[in-house]
Amino acid sequence: MTTEPGIVSESGAAVPAAKGSRLKQNGRQESWLFAGLCRAAVWFSIAILIVLLVAVTKNSIGWLDWQFLTSFDSARFPQKAGILAGLLGTAWVIGLTILFAVPIGVGAAIYLEEYATDNWLNRLIRLNLANLAGVPSIVYGILGLTVFVRMFGFFGPQGILYRWTGWELNGFFWSEHYQQYLIPLPFGRVVMSGALTLALLILPVVIIASQEALRAIPASLRHASLALGATRWQTIRHQVLPASIPGIMTGVILGISRAIGETAPLVMLGAMTFVYFAPGNLDSLSDVAQHPEGLIKAPFDTFTVMPIQIFNWVRQSKEEFKYVAAAGIVVLLAILLVLNGLAILIRNRYSKHLHW
Amino acid sequence: MANTASSFSGLVKRPALGGESLKEPRVAKIESRSLCFYYGESQALHEISMTIPERSVTALIGPSGCGKSTFLRTLNRMNDIVEGARHSGSVLLEGQDIYAGDVDVVALRKQVGMVFQKSTPFPKSIFDNVAYGPRIGGLRDKEKLREIVESSLKRAALWKEVQDRLHDSALALSGGQQQRLCIARALATGPDVLLMDEPASALDPASTARIEDLIFELKEAYTIVIVTHNMQQAARVSDFTAFFLKGVMVEIGDTEQIFTNPKEKQTQDYITGRFG
């Protein structure tokens with residue numbers, strides 16, 4: 001083994017032998033290689049994303065217009081087809097999903113991190129949260145179908161309730177206007193069933209992310225608050241929760257992103273593919289003003305969502321529906337970006353006040 | 001092992017200490033009786049019996065892991081939050097057992113304030129930090145809150161430095177200021193006992209000196225128990241010193257006596273730096 005004089009003189013006379021400098025150089029090469037691989041991985045995924053985006057956007061040009069956003073679907077005329085039903089359906093489903101998943105998820109995380117003792121039951125729950133996060137969404141679809149859409153066949157004209165007691169319960173709040181129950185039992189193939197199913201689907205993600213956010217809050221903060229005579233709840237409410245909102249929002253972002261693109265569970269529990277109305281017949285804000293009872297009916301109306309509509313367009317035989325689908329995809333991506341952007345905005349607003 | 005109340009009983013009856021401004025005799029503020037403390041299976045404190053006189057500074061010294069911090073935390077029941085912690089014996093605050101079933105821990109912690117080693121300002125404004133205790137206690141009156149914040153900051157010798165920026169983030173303060181803020185925050189709940197767990201160990205000498213001066217002033221009104229690793233500090237600020245070793249209180253007495261003429265050999269070894 002001969003030493004390379006250049007290296008020795010470069011690194012100075014103090015370096016005792018070539019061994020040291022050679023080791024260093026090997027390390028440098030490895031690190032360069034690794035950094036290069038990582039960079040390649042990043043560029044590869046970005047390149048694919050760009051190709052996809054460009055292709056989709058190109059196809060949607062000329063089709064993505066105001067008419068597309070404000071019209072219902074058309075089975076025969078691609079030019080007249082619009083995404084309004086899917087747009088409003090998705091808005092209702094995702095809105096309700098957030099409403100259910102966030103409080104329950106954050107509440108569960110607070111219980112598990114702050115209150116639960118370390119016994120076998122809680123360990124089992126913690127362990128299985130990770131498993132639940134990995135359950136295929138179609139399984140949640142089957143669950144939703146049984147629990148929310150059919151409610152185990154408990155209600156309805158031939159339900160278990162009727163057979164056992166003779167009572168027939170078909171729902172609550174009879175509406176003369178709609179000639180049906182505002183809250184039917186069982187729910188049936190409605191927005192509410194979809195939202196509850198998606199909420200179950202994203203709950204593990206929300207809980208795990210919230211748990212991690214809570215765990216990241218230093219114990220010293222809790223102790224300081226408790227030592228000032230705060231109760232456990234006051235400590236959580238005033239110190240722990242505000243400090244962990246950025247982390248919790250990250251989990252919510254991940255959850256929403258997943259829920260908004262889900263198709264399988266909603267197809268499973270019977271979301272329509274061709275819908276010519278909005279949930280509660282609320283097509284616009286003026287509709288809300290004219291018949292506000294639609295707000296109560298909407299969650300119990302049949303529905304479609306954007307991914308299902310897009311899927312439906314893609315498999316149409318008419319060639320032009322391909323472009324309609326592309327326009328739909330662009331809208332879906334745009335909404336996803338807006339929602340995530342909002343969540344990131346909230347996250348940053350809170351994390352600005354925090355620096356340990 | 002002489003964890004004796006006898007070496008200390010003389011102190012209680014004693015009038016003022018030499019060179020002290022206090023005129024009245026020492027009255028016991030806190031008293032622990034045969035206090036044992038366990039974390040799960042391991043016993044952290046063995047039969048601690050000692051008396052802490054009011055309006056004085058009592059220093060707890062000893063090597064790491066000797067139980068002095070654990071003992072400090074039994075005095076405001078901060079150990080309650082540790083899973084698997086249990087105790088036997090009793091701790092009396094003004095003659096009342098703080099571990100009795102009917103004691104409100106929240107009220108206890110307001111009466112027995114605590115300052116931690118690492119200053120932990122809440123990520124809020126200076127004002128909101130100090131007002132936190134009174135607010136969670138239900139005080140909403142803005143004028144009263146302002147008064148409490150001002151008087152607490154004045155007592156903690158921080159008012160002059162922060163009076164113009166009460167609504168700035170507390171995290172922008174220097175380390176020493178943050179620690180004095182934590183003291184002000186503890187004072188705001190109106191305690192009469194202050195527990196300090198190595199309050200100056202993370203601070204530079206100048207800030208340490210300020211905290212020590214502050215402790216000296218505060219003992220006029222408060223009973224202070226301070227845990228410290230720094231024996232010079234114990235000698236400088238305290239009236240009484242208790243030496244802990246392996247969960248046992250070896251000796252307690254006048255600070256001067258402990259540092260110049262300890263009764264126990266272990267104390268002497270520790271003080272002269274032979275171990276720990």
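Reader: What domains is chain A divided into?

Author: Chain A has domain 1 (26-60), domain 2 (65-150 + 187-351) and domain 3 (152-185), with bounds taken from an automatic or database domain assignment. One heads-up: this is a predicted model, where local features need pLDDT of at least 70 and side-chain atom pairs count only at pLDDT 80 or more, while totals for chains, interfaces and linings use all residues. Residues are numbered from 1 along each chain as its sequence is written, and chains are lettered from A and ligands numbered from 1 in the order in which they are written.

Reader: How many residues does the contact take from domain 2 and domain 3 of chain A?

Author: Eight from domain 2 of chain A and eight from domain 3 of chain A; two residues are in contact if their C-beta atoms, placed from the backbone, lie within 7 Å. The centres of these two domains, over C-alpha atoms, are 28 Å apart.

Reader: And what makes up the contact between chains A and B?

Author: Chain B gives 21 residues and chain A gives 19. On chain B's side, helices H3 (105-111), H4 (126-136) and H7 (175-187) each supply at least two.

Reader: Why are S6(B) and S7(B) said to pair?

Author: Pairing needs at least two DSSP bridges between strands, and S6 (residues 112-115) and S7 (residues 193-197) of chain B have four, in the parallel sense, so they pair. Val112(B) stands opposite Val193(B).

Conventions: A residue is buried if 20 or more other C-beta atoms lie within 10 Å of its own, exposed if 12 or fewer, and partly exposed in between; C-beta atoms are placed from the backbone.
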